[in-house]
Amino acid sequence: MPASRLRPDALSVDTDIRTYPIRFVHLADVSAHLNDLGLHGPRVVVITDENVAAHYRTPLVHAFEAAGWTPHVVVVPPGESSKSLDRLSTLYDTLLPLGLERSTPVCTLGGGVVGDLGGFAAATLLRGVPLVHLPTSLLAQVDSSIGGKTGINHTVGKNLIGSFYQPHAVLVDPETLLTLPAREWVNGMAEAVKHGFIADPELIDYTERHLVDILGHHDLEATVPAVRAAMHIKAQVVADDEREAGKRAWLNFGHTFAHAIEHVAGYGTVAHGEAVALGMRAALYLSHRRAPAALDHDRLDALLAQLPTPDVSGLAFEALWDAMRHDKKTKDGTIRFVLLHAVGDPFVADDCTRASVQRAWDFVQQSTA
Ligand SMILES: NC(=O)c1ccc[n+]([C@@H]2O[C@H](COP(=O)([O-])OP(=O)(O)OC[C@H]3O[C@@H](n4cnc5c(N)ncnc54)[C@H](O)[C@@H]3O)[C@@H](O)[C@H]2O)c1
Ligand SMILES: O=C(O)C(=O)C[C@@H](O)[C@H](O)[C@H](O)COP(=O)(O)O
Ligand SMILES: [Zn+2]
């Protein structure tokens, strides 16, 4: 298939367990791609959510059936609350009686919630069945479908139960973005910009030039190059450090704050990408205070300020600080933050004082009030 602007060349993710492709496809061709990947039917499980099912369940099922496959579609409620032990348990109750075999592929069709939940189910069913992500949210396309982090939330904190479980492939149909609500474009662009901050000044420049086309007009021709650039960065970081022994932590830029914000606000109140946008503003502020000459704070913060976020004036710093203690980057009791020496030059800081972190949160609250 020749590359086109909406379906550029594939990328690949090189991990210890396997090298897998990220392909830009038509959803109707998924079964042919599964065959090509050595994943055979006739049975296939598709895990999706109600919103995504409303648009894509019927065409995908028809395409599978026309190719001689037997799809079993499982639909979960949309939203962060589905990343729960209860929902996972319901998923096992639905899937195990089907008598799946170790070779039965499981596809997740949807955003990061379905990917993380369905990915964890695939990792644990029969000790692991083949997983293919079909990401339909911008956030899932630029970030969550790549790299093998799967899991669920706990009342103690975000993503605290999970596994590393790499998919066999990521099959992206950019045209699914056309049904995505406006808020979800913001969520996706937050994680895309994150990849620019940690690794690619050109992606930051590109986003500055095209954000209106992307967020305002949902212009796929402007969006797909940003998606591919973000995917490329994520694939490289994961290939270098699959299990987060070192540089993979950079993908957590903005996330020490973000996960605390999501937890304290109540899962689903502030969406993940929105929380990451707020967390990056705090991390940029902290970075700039340490090395004012190396970062054009006002320019970079102005880019983040174009990502609309909910009112966080009610989130007290004390509660956020407590929640941050459960961050998975915490070491020897010290809360750690990914900061920037410069755009494209991140590091993990373990010496941020409580007072400096509070000043960063005060800045975010004042700027978003
Ligand atoms: N595993 C990872 O590496 C990783 C990376 C980043 C984020 N995450 C996780 O991903 C989750 C956030 O993902 P998300 O932002 O995709 O949220 P989401 O999965 O809740 O999707 C956002 C909303 O968009 C809807 N939707 C998705 N695709 C659609 C489409 N094409 N048309 C219409 N509606 C559509 C969904 O139903 C949902 O309501 C968080 O739980 C976050 O922690 C994981
Ligand atoms: O893939 C990674 O590594 C990331 O950190 C990507 C993040 O965008 C994502 O939100 C991830 O789920 C956070 O990981 P966690 O280990 O901090 O839960
Ligand atoms: Zn994230």
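**Close-up views of a predicted model**

**View 1**

**View 2. Three residues annotated as a binding site.** An unreviewed UniProt entry gives the annotation "binding site" to Glu 191, His 255 and His 272. Although these residues span 82 residues in sequence, no two of their C-alpha atoms are more than 10.3 Å apart, so the three gather at one spot. His 255, which lies in helix 9 (residues 255-265), is also buried, with 27 C-beta neighbours inside 10 Å. Apart from neighbours within four places in sequence, His 255 is in contact with Val 276 and Gly 279.

View 3. Among the buried residues are His 255, His 259, Glu 262 and His 263, and what covers the buried residues of the helix includes strand 8 (157-164), helix 10, helix 12 (317-324) and strand 10 (337-342). After helix 9 comes Gly 266, which has a positive phi, near 100°.

**View 4. The shell around ligand 1.** There are 31 residues around ligand 1, and those that come nearest are Asn 51, Gly 111, Gly 112, Ser 137 and Ser 144. Two or more residues of this shell are given by each of helix 2 (50-66), helix 4 (112-124), helix 5 (138-144), helix 6 (182-199) and helix 10 (272-290).

View 5. Seven strands, in the order 1-2-9-6-5-3-4, form an open sheet with mixed pairing. Strand 1 (11-14) and strand 4 (70-76) are the edge strands, each pairing on one side only, and the twist from one strand to the next averages 20°. Within the sheet, strand 5 (residues 106-110) and strand 6 (residues 131-135) run parallel and are joined by five bridges, with Pro 135 of strand 6 as the bridge partner of Gly 110. Helix 2 packs on the sheet, where it touches strand 3 (43-49), strand 4 and strand 5, and its direction makes about 160° with that of strand 3. Helix 4 packs on the sheet too, touching strand 3, strand 4, strand 5 and strand 6, and its direction makes about 165° with that of strand 5.

Technical notes. Residues numbered from 1 in each chain as written. Chains lettered and ligands numbered in written order. Predicted model: local features only at pLDDT ≥ 70, side-chain atom pairs only at ≥ 80, totals over all residues. Near = placed C-beta within 6 Å. Helix = DSSP H or I, 4+ residues; strand = E, 2+ residues; numbered from the N terminus. UniProt positions renumbered as here; feature names shortened; annotations may be inferred. Buried ≥ 20, exposed ≤ 12 C-beta atoms within 10 Å, placed from the backbone. Contact = placed C-beta atoms within 7 Å. Pairing = 2+ DSSP bridges. Axes fitted to C-alpha atoms, helices over the stretch in contact; angles between N-to-C directions.
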